[in-house]
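This briefing is meant to be read with the structure open alongside.

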Amino acid sequence: MSKQFQFKLVLLGESAVGKSSLVLRFVKDQFDDYRESTIGAAFLTQTVTLEDQTTVKFEIWDTAGQERYKSLAPMYYRNANCAVVVYDVTQSPSLDKAKTWIRELQRQADPNIVIALCGNKTDLSARRQVTQEEAQKYADEEGLMWGETSAKTGEGVSEIFTAIAKKLPLTAPPPRTATRGAAGATGGRGVDLNKQSATGQNEPCNC
Amino acid sequence: MSDPTTPLEEADGPEEVDWETLRELSVRPGGLGKDRETIWPKLLRVNPHSNPLEASGSSSEPHHDERQIKLDTERSFVLYPVDNHEPSNREALQRDLHELLVSIFRRRRKLSYFQGYHDIITVLFLTLPKDLHLTCAEKLSLHRLRDSMGSSLEPVLGQLRILQRLLRIADPQYSAVLDDNSPLPYFALSNLLTLFAHDIPTLPLIQHVFDYLLTRHPIASVYLAAAVLLSRKEEVMWLEQEGEEGMVHSLLSSLPDIYEEGDVEPSKEPSAGNPAEPESLLDETRSVTAVQLDETAVEINELGEAIDEKTAPPLEELPKVEASLSDEDWTMSDKEDSMDPEETFQELPSEAETAFSREETVVASSPPPKSSDLKHAAVISVKEEELGEVTEIHEEVVKSPPSQEPDPEKKESDEESRPSSPASSSYRVRKTRVSVTSLLARADALYNLYPPIHPDLGVNTVMGPKSVIFTWSENPAYLPDDDEAEEMVLRPELVVLPQVESTDEDKEEDQHEKERRRRKKLKKPRRFAGVVVERRVMVAGAVLVLGVAMAVYGIRAVPDDTSRHHWRRVGRWVGGLLVGVSERVFDGIRL
């Protein structure tokens with residue numbers, strides 16, 4: 001039987017850069033022109049099969065972009081194996097916001113977290129404000145994966161997730177591989193939302 | 001326009017509102033119907049004859065949230081109105097909504113916009129006459145939504161804590177499963193934050209829900225959220241058993257399939273705006289009509305032997321529920337050793353070697369039911385006297401797609417072979433289909449059973465004196481005036497009280513509470529008494545700290561006239577019924 005892995009992935013980024021659309025494309029290969037804003041966070045899963053038949057199941061937490069929901073984010077990125085930080089190539093400020101998220105991840109998240117910087121909305125090429133060179137240069141400096149996508153056309157979407165799957169340390173299984181149990185299997189791995197209660201002082205989710 | 005049956009008087013000022021009658025109407029099929037157009041403004045204390053657009057306080061200077069408002073209005077009107085397929089129509093609506101939102105925030109500059117607020121205002125926008133949009137939205141914001149319109153999420157997290165406590169007393173077993181999934185019921189965040197406007201898929205349904213909420217105290221949304229969550233117990237238990245973590249969040253952050261009585265068609269879109277489309281979870285599932293509101297059944301679920309023990313509910317007015325539930329419906333771990341995991345904080349030796357990392361996560365007490373048992377559970381029929389109706393649960397489909405091993409007992413191998421997009425990985429979850437009226441009635445029942453003054457809810461230990469929970473009143477004379485209300489968002493520490501206790505302590509305290517009740521009921525020697533005692537000490541410490549903090553806080557609050565004024569009213573509201581710790585804390589504040 002081929003190997004199976006399971007990883008927790010969190011999506012971060014400014015409001016309306018297309019986080020939910022990106023996930024929807026990845027998970028269901030769909031796109032809605034009108035996608036409502038995300039309140040709180042949404043959860044989905046999708047599995048990627050690599051060439052060697054290894055399967056990587058992503059447990060995806062898609063977070064809300066508005067600043068006021070920021071305080072919930074640690075709950076989702078803590079214990080995350082990978083993070084996709086999304087910006088909108090037509091909005092320069094969204095790249096700055098992405099950089100803020102990346103700094104936070106570098107400080108607060110698991111040191112081994114795989115971070116991918118993702119420029120979305122490449123279909124809107126006429127309105128592009130962030131060049132590939134600029135984003136890639138930043139990603140290289142920070143040692144991040146980088147890619148551009150269009151959730152609308154699907155361009156680059158599966159590529160970026162597959163690349164993450166390949167980059168995740170498949171040789172050293174993450175703590176959560178195949179330890180699936182019955183009821184209440186949240187202990188110790190993955191979405192252990194309880195865990196966060198042990199740390200942090202100012203996080204409202206902590207109360 | 002007002003119907004002769006409408007218990008509202010025609011008058012100029014904020015007239016008398018017959019709240020009781022309107023409340024009653026609001027839970028009937030169709031709610032307030034067409035009359036809501038005139039009733040809502042009265043409920044919101046908007047004087048229909050005043051000039052709504054007087055420019056006082058408004059400004060042409062952009063509000064700091066206008067960029068976000070634009071981002072959100074540009075993706076509004078997604079689900080309704082249904083005749084909105086013309087993009088140009090939609091864009092026109094979006095423009096008008098945007099204009100309205102901008103007006104509100106330029107007029108009340110101290111308020112902050114939150115994502116989801118636009119969903120709430122959309123409902124007003126589509127319901128009320130245009131000339132009342134701004135004033136109604138303003139009143140709604142200042143006197144009901146205000147807590148969420150400060151700079152942070154804290155106040156709504158306070159509401160989530162109250163919701164959590166409500167669930168714990170209403171259904172300890174179920175709430176333990178939920179607690180195990182999330183430290184707070186975050187899946188209800190958008191329910192509370194947006195008064196369900198973000199989540200309810202059709203305009204008539206959300207209007208009905210607003211009929212319900214606007215005829216009640218602002219805390220009613222917490223009870224309604226609890227009613228919704230309780231209606232999904234079956235589904236949650238299923239997912240829990242399947243061990244798909246995260247899926248519980250996914251499931252609960254969308255609503256059940258809610259319908260209006262009398263409507264033939266079920267609502268088509270089960271969820272709004274959540275990429276975790278419930279369809280993907282629930283397509284291949286069976287459906288269930290409502291579930292039970294009763295603790296008796298819960299007790300049965302927890303412990304086969306507990307059937308005739310009337311226990312946990314702390315109130316006397318227990319719902320008398322007859323549950324026919326055979327023992328084998330839920331295979332319990334008590335067979336292993338006569339001990340309930342929930343009582344002992346002992347790790348549950350579950351058949352699948354689930355690694356529980358901490359005691360707290362174990363307490364979950366989710367019965368490790370076998371799938372066949374759950375199928376049986378679906379035929380439970382529970383008589384809900386509270387709701388005056390018999391809910392019946394029926395199975396439609398139990399089959400999973402072929403790729404899915406239907407028997408969780410073979411789960412391990414199943415895990416290995418499972419294909420896996422959410423669409424393809426199937427969850428044999430029953431989709432709850434429930435009428436809006438039964439949800440509203442259940443919310444009322446919960447409110448009556450566990451009113452806000454219930455000491456276990458600790459509303460006054462969570463929300464502060466400037467919260468709408470305490471400033472709102474049916475009587476307009478007691479409402480803070482608009483400017484005063486607007487100022488309140490600047491004192492977030494008086495909207496939601498600083499939390500002294502951590503989640504864990506909180507949880508422990510609560511478990512200690514459960515513990516206490518269970519001890520009473522079981523009268524069995526306890527194995528882990530040592531642990532329990534130790535926890536009790538910790539809890540006592542936490543309570544002491546809390547008490548001191550509250551006292552200090554109370555003293556600080558004294559010079560503030562308005563807050564004292566409000567606390568007096570709160571005092572009336574609370575009616576001196578508080579006992580124990582709550583009372584002491586409360587007195588501290590009232591100093």
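In this predicted model, buried residues make up 63% of the 591 residues in chain B. The secondary structure of chain B comprises 29 helices and 6 strands.

**Chain B overall**

- Among the contacts in chain B with a separation of 6 or more, 79% are between residues 24 or more positions apart.
- The accessible surface of chain B comes to about 21,300 Å², and carbon and sulfur atoms account for 54% of that surface.

**Helices H4(B) and H5(B)**

- Helix H4 of chain B spans residues 87-107 and helix H5 of chain B spans residues 117-127, and their axes come within 11 Å and cross at roughly 110°.
- Because angles of 65 to 115 degrees count as roughly perpendicular, H4(B) is described as roughly perpendicular to H5(B).
- On the H4(B) side, the residues that meet H5(B) are Leu93(B), Asp96(B), Leu97(B), Leu100(B), Leu101(B), Ile104(B) and Phe105(B).
- Their partners in H5(B) are Tyr117(B), His118(B), Ile121(B), Thr122(B) and Phe125(B).
- By class, this contact of H4(B) with H5(B) has 9 nonpolar, 2 polar and 1 charged residues.

**Helix H12(B)**

- Helix H12 of chain B, residues 233-242, is mostly covered, with 10 of its 10 residues buried.
- The buried residues of H12(B) include Lys233(B), Glu234(B), Glu235(B), Glu240(B) and Glu242(B), as well as Val236(B), Met237(B), Trp238(B) and Leu239(B).
- H12(B) is followed by Gly243(B), which has a positive phi, near 75°.

How values were computed
Residues are numbered from 1 along each chain as its sequence is written. Chains are lettered from A and ligands numbered from 1 in the order in which they are written. This is a predicted model: local features need pLDDT of at least 70, side-chain atom pairs count only at pLDDT 80 or more; totals for chains, interfaces and linings use all residues. Side-chain values use heavy atoms; hydrogens and water are left out. Axes are lines fitted to C-alpha atoms, for helices over the stretch in contact, and angles run from 0 to 180 degrees between N-to-C directions. Helices (H or I, at least four residues) and strands (E, at least two) are DSSP runs, numbered from the N terminus. Angles under 35 degrees count as roughly parallel, over 145 as roughly antiparallel, 65 to 115 as roughly perpendicular and the rest as oblique. Contact means heavy atoms within 4.5 Å. Ala, Val, Leu, Ile, Met, Phe, Trp, Tyr, Cys and Pro count as nonpolar, Asp, Glu, Lys and Arg as charged, and the others, Gly among them, as polar. Buried means under 20% relative accessible area, exposed over 50%, partly exposed in between (1.4 Å probe, protein chains only). Accessible areas come from the Shrake-Rupley method with a 1.4 Å probe; for residues, only the protein chains shown count as cover.
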